[in-house]
Amino acid sequence: MLGEVCRQFRIANHIKLREIEGNSNIKTLSGFEMGVNLSSKHFVKYLRYALNHNLLNDLNTRIADALINEEGK
């Protein structure tokens with residue numbers, strides 16, 4: 001769920017995987033978005049990016065919405 005939210009955040013803000021990852025190792029980050037790799041270190045990369053680019057409110061809102069929707073299922 002968290003990886004999917006991060007993917008939606010990235011796409012909505014027109015951010016490339018390379019911008020989040022910072023190097024050519026984007027396969028593991030893509031795996032995180034697809035739910036294959038669940039490492040929290042990848043989530044921290046999205047938090048850091050959002051913080052550095054004044055997008056933290058957007059990311060937090062998306063996470064909160066996803067949690068609320070998940071609870072309602």
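Histidine 14 lies in the loop between H1 and H2. The questions below concern a predicted model.

Student: What is the value of phi at histidine 14, given its place in the loop between H1 and H2?
Tutor: Most residues other than glycine have a negative phi. Histidine 14 is not a glycine, yet its phi is positive. The value is near 55°.

Student: Is histidine 14 buried or exposed?
Tutor: A residue counts as exposed when its relative accessible area is over 50%. Histidine 14 has a relative accessible area of 69%, and therefore the class is exposed.

Student: In which loop is asparagine 54 placed, and what is its phi?
Tutor: Asparagine 54 is in the loop between H4 and H5. This residue is not a glycine, although its phi is positive. The phi of asparagine 54 is about 55°.

Student: Is asparagine 54 buried or exposed?
Tutor: The cut-off for an exposed residue is a relative accessible area over 50%. Asparagine 54 reaches 73% relative accessibility, so it counts as exposed.

Student: How many helices and how many strands does the protein chain have?
Tutor: Read from the N terminus, the order of elements is α-α-α-α-α. The count is five helices and zero strands.

Student: What is the radius of gyration of the protein chain?
Tutor: The C-alpha atoms fill a box of roughly 40 × 30 × 20 Å along the principal axes. For 73 residues, a compact globule would have a radius of gyration near 11 Å, and the value for the chain agrees with this. That value is 12 Å.

Student: What percentage of the contacts with a separation of 6 or more joins residues 24 or more positions apart?
Tutor: Contact here means heavy atoms within 4.5 Å. Among contacts in the protein chain with a separation of 6 or more, the share from residues 24 or more positions apart is 54%.

Student: Is cysteine 6 buried or exposed?
Tutor: Cysteine 6 is placed in helix H1. Buried means a relative accessible area under 20%. Cysteine 6 has 0% relative accessibility, so it counts as buried.

Student: Which residues does cysteine 6 touch, not counting those up to four places away in sequence?
Tutor: Cysteine 6 and alanine 50 are 44 residues apart in sequence, and their C-alpha atoms are 10 Å apart. The residues touched by cysteine 6, with those up to four places away left out, are Phe32, Glu33, Phe43 and Tyr46.

Student: What distance separates the C-alpha atoms of glutamate 4 and isoleucine 26?
Tutor: Glutamate 4 lies in helix H1. At 47% relative accessibility, this glutamate counts as partly exposed. Glutamate 4 and isoleucine 26 are 22 residues apart along the chain, and their C-alpha atoms are separated by 16 Å.

Student: What distance separates the C-alpha atoms of glutamate 70 and leucine 38?
Tutor: Glutamate 70 is placed in helix H5 and counts as partly exposed at 42% relative accessibility. Glutamate 70 and leucine 38 are 32 residues apart along the chain. Their C-alpha atoms are separated by 18 Å.

Conventions
Residues numbered from 1 in each chain as written. Predicted model: local features only at pLDDT ≥ 70, side-chain atom pairs only at ≥ 80, totals over all residues. Heavy atoms only, no water. Helix = DSSP H or I, 4+ residues; strand = E, 2+ residues; numbered from the N terminus. Rg over C-alpha atoms; globule rule 2.2 N^0.38 Å. Buried < 20%, exposed > 50% of the residue type's maximum accessible area, 1.4 Å probe, protein only.
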